[in-house]
Amino acid sequence: MNFVLYDRMDPSRFFPSLPIHVAEIPFTILDSFVSKAEKTVRSLDTPSIPTLHFIRDDLLPFGFGTKWRKTQGILQYLQKNQIQKVLLWGAIHGNYLASFTTILRKNGFTVDTIAYTRDPHLRSYNERLVRGHSHTLVCYANRKLAYADWLAKEKVYPGLSLPEFGIHPGQNNGLHSFWQEIEKKIIQSLDTSHHQMNRQKIKAILRMEIGSGATFLSAFDYFYESSLLVQGVMVGETKETWIPKTKDLQKQLGLKNIPIPTEQILEIPKEGKNSKAHLQFDNNRNKTSLSFGKQTKSQKEWIREFYRNTNILLEPIYSGMTVKPLLRELNEMQITMSKPLPNPSGSLSNPPSSLSSGKNPISSIQPTPIFYLHQGGQIQHLDLILEKDHQ
C-alpha cells in the first residue's frame with residue numbers, strides 16, 4: 001500500500017484557527033424528506049417553525065471534524081510534558097483511531113496502535129489511515145484481546161497511553177475554546193438588533209450525538225450556567241446504560257461532577273409502519289433503539305437526497321441517524337416551549353424547550369432555534385455520493 005506521509009503537519013497552515021462555519025437550513029428543505037401523508041397543514045394561527053442551523057465541523061481537514069479540536073488539547077499536553085510517544089487502542093474502522101493516528105503522526109509524534117475489528121475481511125478508508133499513520137500496529141479480531149494487550153502495555157509504556165476514544169482532560173481543554181466561539185456565533189445569529197446579549201439571555205438548543213460522550217459532557221459543562229440547552233442524542237447505547245457512566249467520564253475529562261438531566265438525553269426508536277421515528281425523551285423501556293452501525297438502502301438513499309438538496313454530506317453512523325427524525329419533528333411542528341427543566345443551581349430561568357414526543361400541545365411562544373453540531377466522520381462514506389460507473 002502506497003501512503004504519503006509527512007513529517008509534521010500544522011493544521012494552522014491550512015485552517016489558521018480551525019474556523020467555525022454555521023449554515024442555516026432553509027425551511028423549504030423540510031418538504032423534500034417527508035411523504036405527502038406526513039406533511040402537516042399549517043394554519044395561520046400556527047406558530048413559526050424553529051430555525052435550524054448546522055455547525056459545519058465536517059468541513060475541517062479530512063472530515064475529522066470535532067476530533068481536530070479534541071486533539072489540540074492533547075497535543076498541548078504532550079508538548080508541555082515533552083512526551084514523544086503515544087499508545088492508542090480502538091476499532092480500526094472507527095473515526096477515533098483514524099483521526100488520532102493521523103493528527104498525532106503528522107505533528108511529529110510516535111504512534112503505537114492496538115486495534116480490533118469484528119470483520120477481518122472488511123476494508124475501509126479509516127483502516128488505511130490507521131495503518132498508514134501508526135509506527136507500530138497490532139490488530140485483533142476480538143475487542144477483549146485488544147483491550148487486554150493495551151492494559152499490559154500501558155503499565156510500562158514510555159509515553160502517554162490513551163484509553164479507547166482518547167478520553168483525557170486534554171480533550172476538554174481543546175473543546176473549551178470551541179464552545180467559546182460557538183457561543184459568540186449563536187449570539188451573533190440571534191442578536192439581530194445588534195444590542196449586547198449575554199450568555200444568560202441565549203435562548204437556543206445545541207444538539208449533538210453522544211458517541212463516547214466527551215463532546216456532549218464538555219458542552220454540557222461549559223453551558224451549564226447559561227440558558228442554552230445542550231441536548232445529546234444516544235447512538236449505539238441507551239441512556240439507561242450511559243448515564244450511570246457520566247460521573248466517571250466527567251472525572252476522566254477533568255470536568256465538574258454535575259448530574260445530567262434525563263430530559264436532555266434523546267433516543268431514536270426504530271422506524272416501522274406505525275412509527276414516526278421521533279426523537280424521544282421519555283423513559284419508555286418498551287421502545288427499541290436503532291441498531292448501531294446498521295445501514296439500510298433507504299437510509300443511504302435519504303443521505304444522497306439530503307446531499308443533493310443541501311450540499312451537506314451526512315454519514316450513516318451518527319448524523320444520518322439523527323438529522324432525519326429532527327427534520328420530521330420540525331416539519332410536524334412538534335417543538336414546544338415545555339416546562340422549565342429541574343434547576344440544581346437555581347441560576348437558570350425559563351430555559352429553551354426540548355423536542356417533545358408529541359404529547360405536548362404546540363406553544364404560541366416563539367420557537368427556540370436549534371443549532372445542530374455536525375461532527376464530521378463522513379470521509380469513508382464518500383461512496384454514498386460518488387457517481388457509480390454502471391458500464
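The model is a predicted one, so local features are kept only at pLDDT of at least 70 and side-chain atom pairs only at pLDDT 80 or more, while totals for chains, interfaces and linings use all residues. Numbering starts from 1 along each chain as its sequence is written, and side-chain values use heavy atoms, with hydrogens and water left out.

A handy place to start is S218, which sits in helix α6, residues 214-222 (helices are DSSP runs of H or I with at least four residues, strands are runs of E with at least two, and both are numbered from the N terminus). With a relative accessibility of 1%, S218 counts as buried (buried is under 20% relative accessible area, exposed over 50%, partly exposed in between, using a 1.4 Å probe and protein chains only). Setting aside neighbours within four places in sequence, S218 is in contact with N172, L175, W179 and L255, contact being heavy atoms within 4.5 Å.

W179 turns up again in the largest nonpolar core, which has 35 residues; W179, L206, F216 and W242 touch the most other members. Such a core is a set of buried Ala, Val, Leu, Ile, Met, Phe, Trp, Tyr and Cys residues joined through side-chain atoms within 4.5 Å. Two or more residues each come from α5 (169-190), β7 (205-210), α6, β8 (229-234) and β10 (370-374). Beyond four places in sequence, the contacts of L206 include I55, W179, A219, F223 and F371. Another core, of 24 residues, lies apart from this one, with L97, L104, A115 and L160 among them.

Elsewhere, the axes of helices α9 (residues 297-310) and α10 (residues 319-331) come within 11 Å and cross at roughly 70°. Here, axes are lines fitted to C-alpha atoms over the stretch in contact, with angles from 0 to 180 degrees between N-to-C directions. The two helices, α9 and α10, are therefore roughly perpendicular (65 to 115 degrees; under 35 is roughly parallel, over 145 roughly antiparallel and the rest oblique). On the α9 side the contact is made by Q299, W302, I303 and F306, and on the α10 side by G320, M321, V323, K324 and L327.

As for rings, the structure holds 17 aromatic pairs, meaning Phe, Tyr or Trp rings (six-membered for Trp) with centres within 6.5 Å; planes under 30 degrees apart are stacked, over 60 edge-to-face and the rest tilted. F220 and Y224 have ring centres 5.7 Å apart and planes at 50°, so this pair is tilted. F220 is buried at 4%, and Y224 is buried at 16%. Ring pairs also join F54, W302, F306 and Y372 into a cluster.
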